[in-house]
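User: Could you walk me through reading a protein model, one feature at a time?

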Amino acid sequence: MTGAVHDTYVAALQHDSAGLPADARRVGVVRKPTSWFHGAVDENRPELGPPPDLLEEFQALEEEFKVQGMCEEGAHNGAWDEVDFEERYRAHLESEAARAEVEELLDLLDSGTDVALVCYENTDDKRCHRTALREHLEERL
């Protein structure tokens, strides 16, 4: 029986509102986790975070949009579209380092383990690489 892929954000875990199966393996997918992030996940896989150059370009444009008066969600999603974030992140998943991490997660899932991908972003109003990663894993199952 194959495990299921879930995704959530760290604040939902901290407030016990993520709605995950109790035995789901909580896998962080951030480049630079904080100390408190580590306490909320079972492990972190930095190679599955967005590549640094993409993240820097995205964050700079998001800030620029905020300075221009856009709301936080509008700036975030506008920058996401402008830098082709999802397409570039999916290309990153094909890199050697990321591909190895994807294969390890697929092995966990194939063994029947539920996996919950975790980062910082609440996806109610904002887009996130975590969703693209979940979809990528589901496509490969």
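**Reading the model**

Analyst: Let's start with Pro51, which counts as buried at 13% relative accessibility (buried means under 20% relative accessible area, exposed over 50%, partly exposed in between, with a 1.4 Å probe and protein chains only). This is a predicted model, where local features need pLDDT of at least 70 and side-chain atom pairs count only at pLDDT 80 or more, while totals for chains, interfaces and linings use all residues. Residues are numbered from 1 along each chain as its sequence is written, and side-chain values use heavy atoms, with hydrogens and water left out.

User: Where is Pro51, and what is it in contact with?

Analyst: Pro51 sits in the loop between E3 and H3 (helices, H or I with at least four residues, and strands, E with at least two, are DSSP runs numbered from the N terminus). Leaving aside neighbours within four places in sequence, Pro51 is in contact with Arg31, Tyr89 and His92 (contact means heavy atoms within 4.5 Å).

User: OK, now the sheet. How do strands pair in general?

Analyst: Strands of a sheet pair through backbone hydrogen bonds, either parallel or antiparallel. Here, an open sheet of 4 strands runs in the order E1-E4-E2-E3, with parallel pairing (two strands pair if DSSP finds at least two bridges between them). Strand E1 (5-9) and strand E3 (43-44) are at the edges with a single partner strand each, so one side of each lacks a neighbour in the sheet. E1 and strand E4 (residues 115-119) run parallel, joined by 5 bridges.

User: Which helices pack on the sheet?

Analyst: Helix H6 (residues 96-110) does, touching E1, strand E2 (25-28) and E4, and its direction makes about 140 degrees with that of E4. Helix H7 (residues 129-140) also packs there, touching E1 and E4, with its direction about 175 degrees from that of E1. For these angles, axes are lines fitted to C-alpha atoms, for helices over the stretch in contact, and angles run from 0 to 180 degrees between N-to-C directions.
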